[in-house]
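Hi,

Here is the structure I promised to pass on to you. Have a look at it first, and then read on for what turned up in it.

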Amino acid sequence: MPATSEIPASVWRNLAAPDWQVRKQAIQELSSWAPFETIQDAVLDRLLQTEDPVLRNALIEVLTTVGVTVVPAVVDALDHAVNGPRKFLIDVLAAIGSPLAAPRLIRLLDEPDVNVRHAAIEALGQIAVPMAGEALLQHVQRTGDPSEQFVTLQALTELLRRGVPISIDLSTLTPLRDQTLLTRALFDLLGELPAREALPFVFAWLPELDVLRLQDAAAYLSALPPDEIRHYCQLAGFPELQITRDDALSLLRGQQDHIRTGAVWIALFAGHTAEVTALACREPFLATQPHIIAALASLPDADFANVVNQLVPLPEQRRLLLDIIASRRDPAYWQVISQIPAEEQGDDLRLFRAGCLVGAQEQVARLPSLLDRYGADEQLIEALQAILPEQREIVMQALLPWATEAVGNGNWEALLTLVERLNLAGLGLHVERVWKRAEPHLRARALSILARYRLDFARQYLALGLADRNPEVRLAAAEILHEIADEKLEREARTLLLDREPWLRAVGLSTLARILGPDVIQTAAEFLSDSGDAVRLEAVRLLRTMRAREYTGRVRAMLPRETSGDIRAELIRYLQVNAVEPRDEDVDLLRDQFWRARYEACRWFSGYERFREQLAAVLQVESDTDLRVLLGSSGTLRSHSENRMWFRAISEHVYAASGIQLHLENRAIYERKVQQLAQAAGCPHLGDYYQRLRYHLDAEAITQHLIESITTGETYFFRELSQLEYFLDDLLPGLPDYASGGQATIWSAGCSTGEEAYTLSILLDRAGIGRNRATIIAGDISAPSLEQARTGIYRENAFRTLSPDIRAQYFDQIAPGRWQIHQEQMDRVEFVTLNLVNSDSLALLPPADAIFCRNVLIYFDRAAKERAVRNMWHALKPGGVLLLGHAESLLNLEHPFQAEQRGGHVCYRKPR
């Protein structure tokens, strides 16, 4: 396109065209104008002059698409525009979110026009810099307009959600509590602050709230970790609320589950223990909530005894009874429940956990039989972790005879899991017996345990492991050897250099380097001609890191004949690090067939002026590759063997936390994602990242972020529509509760950012099925995905199969390229955190009539799939159905479902 300031009239017309596709094409054409600076004044002038809302929105999208480069011009235009159009310029700055605009927007907070001030406040809420937060905090304190305070509090909340560090003295916000209009906004803000800071403010505020505003307080309390509230109550005592029994009941019987959950605390604060107890006895859903468990466990002795007495006769509330007694840790109540029969595995293990926590030694004595029955179940492990600090000796007495039998009867998996998870070094002798008898993958695990707990025998085990016929066992021994890297183990490391597996020779070379340091250089040079790619890669890496310049000639000779892209890239890095100047004949490397080699060649050549033209030409040609992004990166290539070892450890950690198996056909994609996440976390090596995942103070949060990053899937509205129509037409009418005139509960499991759940809501609405007949619960393991889903805001890509008519009927355009679903549809869907392989995660939800679990099981291996399917079986009501993605099935899995097929669609039904 020519670089001219004269924009064709046809482009202006198309920007205001009724057809959105025509407008979109015109927006793309104008925003890609090069250089845009030649036309930006014309675009801004038209934006400020037009009264056509369609054209105005199109021009705003043009400017926001161009991005940060237009910010100075937009800021300058603010000084010359009148109040009305200034709002549109502020919208542009808000959409771009550049810190460059913050100073000018802050000055607008003193403007006399209220619309301009509100627009500036909202825009500052989109600019993630502390300067914006400080200005908003000062503004909310000095303005007296409740509506403006409300907007400012929302903007502050948005900045906190974006992770902007803002120091908020809650005492300065105390005067705002008198404004009824601000209650919701204040609680939203408090929800983004640490509970230990916000709870004193909230508890001082609760007595002042009327019933209507207490709903917001209940919603806030339900979002907090229940132990935080319980701990604060223990320190400061329950606040005394003057709230009537009828008002408490209205809160407890509300329509929204999260408000009812938080209302439990409020009712107890007001002394309405009987109402809360009745709620716990009659509401299976709320009876499983951690909040009600923590609240009931916090009651005074007399009230707690009354709760226990009322729950004892109710078999269906056995779980609640076990959980509150376990949480209370009061041995006085053990006899009350010790006689209750445990009919299912979950109840049996909860009984064991409760007994352990209250000090009932006869429950610890049941440990061997539970292990034989259920294996090393997660609930059993958690119970033992809770009591081991005080009862380690009793646990070991129960485990020692069982461990002897476990070795004899082949129950090796459970034994190894116990030792690994609970650090039971006293069972090392039994692990040694497993090492001598088990299959290869278990011998590898046993070897790792023995090296960890019986270091005096490490050398003996390593020698046996390195000589094992199975490569997996040899790899486990090699990993241990690499980790220890003691100079006394040089002979064992040299043994690895003779292994027939290339990747083990590479580990041996890397280990020898850790033991010998620079003395390994000559040995590394001998392996430059090894037949294994991993070995040659490790050899070149060692020569590079140790600056062995004397091998320059040999490295140059290797370049043209090397067939591995990773090794060729490492060869180029060696030359670059040793300041070897490229030759004219090396220019072909800039167009190497391997992208990593191209990348390293570009970095090498970028240091020499005489190759600037060739480099520029290559970067232009390869602009659609990773070269431009990667050039100048400080990322370090690691040896294949080293990364393989740590990736395997990270994979096992992810599997233990979520059931997601990374060793599948998409392993290369997972490896790349893990590498990127490690770099973003400041870990140049996967080994460093693994240490953070396991032992860092924020290990749980870091692990959750990793799981969320690798499970983020593609989704959009009306995906696999034919299956949804099959459900509505053929399955829903026959579901037991729905057929009898009641309400059907539909789960959207693995809901991602909410498109599937909202699609179900739209389809139910179009079919005339109200909320009293069908409700939707959507769950996912990813907290950021759920946060986005709750906003109900989507971009164009989510509507790829949705007709413009349906979008216009159910969505409002709130900004260029951004649409929000109507509140009626949002109210129909409840979003919850859900981990399908964790039975407790599903048990917190009401039983389902139908579960959509589409394109989720593909992340699991067979064992995790069977666990997830079993959990969903228990979550379904009799007669309920499970629907999977078109590419998924339960073939080759053990499951109790009955498969039904109609019209090319398959569902799995739980018999009545």
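Leucine 15 touches Arg23, Ala26, Ile27, Leu30, Val54, Leu55, Ala58, Leu59 and Val62, leaving aside residues up to four places away in sequence; contact here means heavy atoms within 4.5 Å. Leu15 is also, with Leu105 and Leu190, among the residues with the most contacts inside the largest nonpolar core, which has 165 residues. Such a core is a set of buried Ala, Val, Leu, Ile, Met, Phe, Trp, Tyr and Cys residues joined through side-chain atoms within 4.5 Å, where buried means under 20% relative accessible area, with a 1.4 Å probe and protein chains only. Helix α25 (residues 378–409) gives the most to this core, 14 residues. Another core lies apart from it, with 57 residues, including Leu489 and Ala597.

A word on the source: this is a predicted model, in which local features need pLDDT of at least 70 and side-chain atom pairs count only at pLDDT 80 or more, while totals for chains, interfaces and linings use all residues. Residues are numbered from 1 along each chain as its sequence is written, and side-chain values use heavy atoms, with hydrogens and water left out.

There is an open antiparallel sheet as well, with three strands in the order β3-β5-β4; strands are DSSP runs (E, at least two residues), helices likewise (H or I, at least four), numbered from the N terminus, and two strands pair if DSSP finds at least two bridges between them. β3 (793–795) and β4 (811–815) are at the edges with a single partner strand each, so one side of each has no neighbour in the sheet. Four bridges join β4 to β5 (residues 818–821).

Best wishes

Note on methods:
Buried means under 20% relative accessible area, exposed over 50%, partly exposed in between (1.4 Å probe, protein chains only).
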